[in-house]
2 protein chains.
Amino acid sequence: MLLQTPTQEVSQLEANLCYAFVDSTRILILYALNEHPHNVTELTLQLGAPQSKISRHLKVLRDLGLVRTTRRGVTITYELADLRLIEALDILRGILRDGINLKANLIAEL
Amino acid sequence: MLLQTPTQEVSQLEANLCYAFVDSTRILILYALNEHPHNVTELTLQLGAPQSKISRHLKVLRDLGLVRTTRRGVTITYELADLRLIEALDILRGILRDGINLKANLIAEL
DNA sequence: CTCGTATATGCGCTTATTTGAATAATAAAG
DNA sequence: CTTTATTATTCAAATAAGCGCATATACGAG
């Protein structure tokens, strides 16, 4: 699958999409949803983060169309809207694993 | 290639890597370098952006280890360090093409 | 209608990011 | 050493992101 160089507009859309991935909490949410759908409370417990934080990150993912919601009574279940997300993220992890691709400010943390 | 759910630390590294992609100029640079290596001046002309802007974005990509440089005299040629980058970006473009994955504030621009 | 659970949002604050313009650093040539 | 071409960096200002805390909304039970 060889795609052309994107136009200015497409690159902007792509950048906006990638905004989903620049936050570690959102990445953890996406991987959690990749295992199976979760509701907000479950994600809150699993990630050990305040509920408001989880909700707001879920809103980001929802606005980008990366997750879908189903309501059952008062609980809302989130699931991935497109499994290729994980495919792309896994490629990036492969790059990370092989490469020296560490931000300068992170080298200390290893 | 099925990867495990990342740890907190790995997800942070992944988020830092994805920081490369949240700027349309950096995406355009990466795709330009995917065609063939370029020096700074060439990128400046091709993207029609101020040189300082290009240089600073190149520094971001360099610090992340996503591009490599070769010096020939006074000109510095940049090339992709890992072709899988484009692979991942193309997947995301596929998601964009198929999906309704548009940020609310972007729908107007179409 | 009221209460309790589940989820979303508003506010204020702090910290990051992006940018143009100007300036510095680097290297080859004369 | 001075000049010129190329690339990198500093600066200040504007914009955007993320957070905790508190509060609001939505739904169902009783």
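Of the atoms of DNA strand D that come within 4 Å of the protein, 57% are accounted for by sugar and phosphate. A residue is taken to be near a molecule or strand if one of its heavy atoms lies within 4 Å of it. The model is a predicted one, in which local features need pLDDT of at least 70 and side-chain atom pairs count only at pLDDT 80 or more, while totals for chains, interfaces and linings use all residues. Residues are numbered from 1 along each chain as its sequence is written, chains are lettered from A and ligands numbered from 1 in the order in which they are written, and side-chain values use heavy atoms, with hydrogens and water left out.

Several elements meet this strand. α4 of chain A, together with α3 (40–47), α4 and β3 (75–80) of chain B, each supply at least two residues of the surface near DNA strand D. Helices (H or I, at least four residues) and strands (E, at least two) are DSSP runs, numbered from the N terminus. The largest share of this surface, six residues, comes from α4(B). Sorted by class, the surface near DNA strand D has seven nonpolar, nine polar and eight charged residues. In this scheme Ala, Val, Leu, Ile, Met, Phe, Trp, Tyr, Cys and Pro count as nonpolar, Asp, Glu, Lys and Arg as charged, and the others, Gly among them, as polar.

## Individual atom pairs at DNA strand D

In chain B, a polar side-chain atom of B:Thr41 lies 2.3 Å from a phosphate oxygen of DNA strand D. In chain A, an N or O atom in the side chain of A:His57 is 2.8 Å from a phosphate oxygen of DNA strand D. The side chain of A:Ser52 has an N or O atom 3.4 Å from a base nitrogen of DNA strand D.

## Surroundings of DNA strand C

DNA strand C is surrounded by 24 residues, of which the closest are A:Thr41, A:Tyr78, B:Tyr19, B:Arg56 and B:His57. Among the atoms of DNA strand C within 4 Å of the protein, 54% belong to sugar or phosphate and the rest to bases. At least two residues of the surface near DNA strand C are supplied by each of α3 (40–47), α4 (51–63) and β3 (75–80) of chain A, and also by α4 (51–63) of chain B. Six residues, the largest share of the surface near DNA strand C, come from α4(A). By class, this surface has seven nonpolar, nine polar and eight charged residues.

For B:Arg56, a polar side-chain atom lies 3.0 Å from a base nitrogen of DNA strand C. For B:Arg26, an N or O atom of the side chain is 3.1 Å from a phosphate oxygen of DNA strand C.

## The interface of chain A and chain B

Chain A gives 49 residues and chain B gives 50 residues to the contact (heavy atoms within 4.5 Å). Between them the chains bury about 5,000 Å², 67% of it on carbon and sulfur atoms. Buried area is the accessible area (1.4 Å probe) that two parts lose on being put together, summed over both.

The rule finds two salt bridges across this interface, a salt bridge being a side-chain nitrogen of Lys or Arg within 4 Å of a carboxyl oxygen of Asp or Glu. B:Arg84 forms a salt bridge with A:Asp98, with the closest N and O atoms 2.9 Å apart. On the side of chain A that touches chain B, the elements giving two or more residues are α1 (8–18), α2 (24–35) and α5 (84–98) of chain A. The largest share of that side, 14 residues, comes from α5(A). Its residues divide into 26 nonpolar, eleven polar and twelve charged.

Chain A has five helices and three strands, which run α-α-β-α-α-β-β-α from the N terminus on. Of the 110 residues in chain A, 46% are buried. Buried means under 20% relative accessible area, exposed over 50%, and partly exposed in between (1.4 Å probe, protein chains only).

A:Ser11 is found in helix α1 of chain A, and A:Ser11 counts as buried because its relative accessibility is 0%. Apart from its neighbours within four places in sequence, A:Ser11 is in contact with A:Pro6, B:Ser24, B:Ile27 and B:Leu28. A:Tyr19 is found in the loop between α1 and α2 of chain A, and A:Tyr19 counts as partly exposed because its relative accessibility is 32%.

Technical notes:
A polar contact is a pair of N or O atoms within 3.5 Å; within protein, one must be able to donate a hydrogen and the other to accept it, and residues adjacent in sequence count only if both atoms are side-chain atoms.
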